[in-house]
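Colleague: Hi! Could you walk me through this model while I have it open?

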Amino acid sequence: MSPIPIIVDCDPGIDDTIALLTAFVSPELEILGITPVCGNQPLERAVRNALQVCELGGRSDIPVYAGCFRPMLREPIYGQFHGKTGLGNTVLPDPVKTVEKTSAVDFLIDTLTAVAGQQKRVTLCCLGPLTNLAVALRMNPHIDEGIERIVMMGGAYREPGNRTMTAEFNVLADPHAAHVVFSSGIPIVALALDATHQVMLKPEHVAQFSGVGGRISQTLSELMAFWDRNDVRRYGSRGGPLHDPLVIAYLLAPHLFQTESARVFVEHESELCMGQTVADWYGKSGLEPNADIVTKVDSEGVIAFFLERLSRYTEKAVA
């Protein structure tokens with residue numbers, strides 16, 4: 001089978017970094033571009049992090065396009081668990097490549113327009129706030145014809161929020177963008193906190209990854225150790241939830257996930273519940289489902305999947 005063409009829209013981010021490093025060594029995926037957005041970090045830092053991760057992963061061939069520098073309507077908020085640079089205390093190599101002159105929004109519009117209606121449409125892997133995609137859809141709604149589906153990390157349904165009582169960070173960072181995307185009619189697979197909190201990256205897992213990561217072992221160990229929330233009361237164990245990498249795992253190992261269809265609404269008016277994602281599980285709204293929400297994850301299978309993928313750096317030469 002030919003590789004799946006994807007665009008990775010992200011805000012690197014420790015967990016974004018793990019997702020990208022996994023995608024880099026997965027020949028089943030054809031990465032057309034990386035489109036950083038303001039999210040975990042301000043845009044300038046998110047772009048630099050993306051370039052550095054490409055350098056680390058030996059994938060300087062993948063173009064990086066700078067996205068939106070702020071949310072559609074609200075002031076920016078930034079991540080709380082990624083350290084000052086977004087990459088914990090880890091220092092990544094300086095990038096040799098530079099960001100593309102074309103903006104992420106223009107890249108999305110041009111790329112998706114070019115494949116509109118074709119058999120080989122593009123899957124969008126959305127790991128951060130949805131600003132880039134929402135702006136692109138506002139500028140040219142017909143780009144939906146070039147999108148196979150959106151596989152995204154964001155939202156919280158039966159699980160409480162992780163940034164406020166009700167909201168997950170990616171959606172809270174730009175709730176208006178999330179509202180635009182969920183209202184677009186594009187097929188969506190949503191990996192919310194309900195899914196990601198089922199896969200905890202525990203200290204014993206960090207030790208395993210340290211042993212298989214080859215030339216990136218030290219970097220992986222530092223990033224993953226920094227990710228430990230040490231909040232047993234919240235998560236039931238040490239470690240941190242493996243948020244964004246689950247998007248890549250879902251694409252490559254969908255048998256490890258179970259989904260349930262529902263109509264999703266995004267709160268973008270009430271300050272009390274701003275960014276909350278509400279799922280109509282039982283058809284109370286009378287509207288058709290607009291997302292497949294991941295409800296169950298084989299956590300052991302997912303950890304094994306990432307151990308196998310990241311072990312591929314053992315024999316991967318430095319770019």
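Colleague: What do the buried residues of helix 3 pack against?
Modeller: Their partners are strand 1, strand 2 (29-36), strand 3 (122-126), helix 4 (131-139) and strand 4 (147-153). Helices (H or I, at least four residues) and strands (E, at least two) are DSSP runs numbered from the N terminus, and contact means heavy atoms within 4.5 Å. Bear in mind that this is a predicted model, so local features need pLDDT of at least 70 and side-chain atom pairs count only at pLDDT 80 or more, while totals for chains, interfaces and linings use all residues. Residues are numbered from 1 along each chain as its sequence is written, and side-chain values use heavy atoms, leaving out hydrogens and water.

Colleague: Which residues of helix 3 are buried?
Modeller: In helix 3 (residues 104-114) they are Ala-104, Val-105, Phe-107, Leu-108, Ile-109, Thr-111 and Leu-112. Buried means under 20% relative accessible area, exposed over 50%, and partly exposed in between, with a 1.4 Å probe and protein chains only.

Colleague: OK, helix pairs. At what angle do helix 1 and helix 2 cross?
Modeller: Roughly 40°, and the axes of helix 1 (residues 14-24) and helix 2 (residues 43-56) come within 10 Å. The axes are lines fitted to C-alpha atoms over the stretch in contact, with angles from 0 to 180 degrees between N-to-C directions. The two helices are therefore oblique to each other; under 35 degrees counts as roughly parallel, over 145 as roughly antiparallel, 65 to 115 as roughly perpendicular, and the rest as oblique.

Colleague: Which residues make that contact?
Modeller: Helix 1 brings Thr-17, Leu-20, Leu-21 and Phe-24, and helix 2 brings Val-53, Cys-54 and Leu-56. By class, that gives six nonpolar residues, one polar and no charged. Here Ala, Val, Leu, Ile, Met, Phe, Trp, Tyr, Cys and Pro count as nonpolar, Asp, Glu, Lys and Arg as charged, and the others, Gly among them, as polar.

Colleague: And how are helix 8 and helix 12 set against each other, parallel or antiparallel?
Modeller: The axes of helix 8 (residues 203-212) and helix 12 (residues 299-310) come within 9 Å and cross at roughly 25°. That makes helix 8 roughly parallel to helix 12. His-205, Gln-208, Phe-209 and Val-212 meet Ile-303, Phe-306, Leu-307 and Leu-310, a contact with six nonpolar, two polar and no charged residues.

Colleague: Switching topic: where is the cis peptide bond?
Modeller: It joins Pro-12 and Gly-13, with omega about -5°. Gly-13 sits in the loop between strand 1 (4-10) and helix 1. For context, most peptide bonds are trans.

Colleague: What does the side chain of Thr-90 pair with?
Modeller: The side chain of Glu-222, through a polar contact of 3.2 Å. A polar contact is a pair of N or O atoms within 3.5 Å; within protein, one must be able to donate a hydrogen and the other to accept it, and residues adjacent in sequence count only if both atoms are side-chain atoms. Thr-90 lies in the loop between helix 2 and helix 3 and is buried at 7% relative accessible area.

Colleague: Last one: which backbone oxygen lies 2.9 Å from the side chain of Thr-277?
Modeller: The one on Ala-156, which faces a polar atom of that side chain. Thr-277 belongs to strand 9 (residues 277-280) and, at 3% relative accessibility, counts as buried. Beyond four places in sequence, Thr-277 touches residues including Gly-155, Tyr-157, Val-171 and Phe-265.
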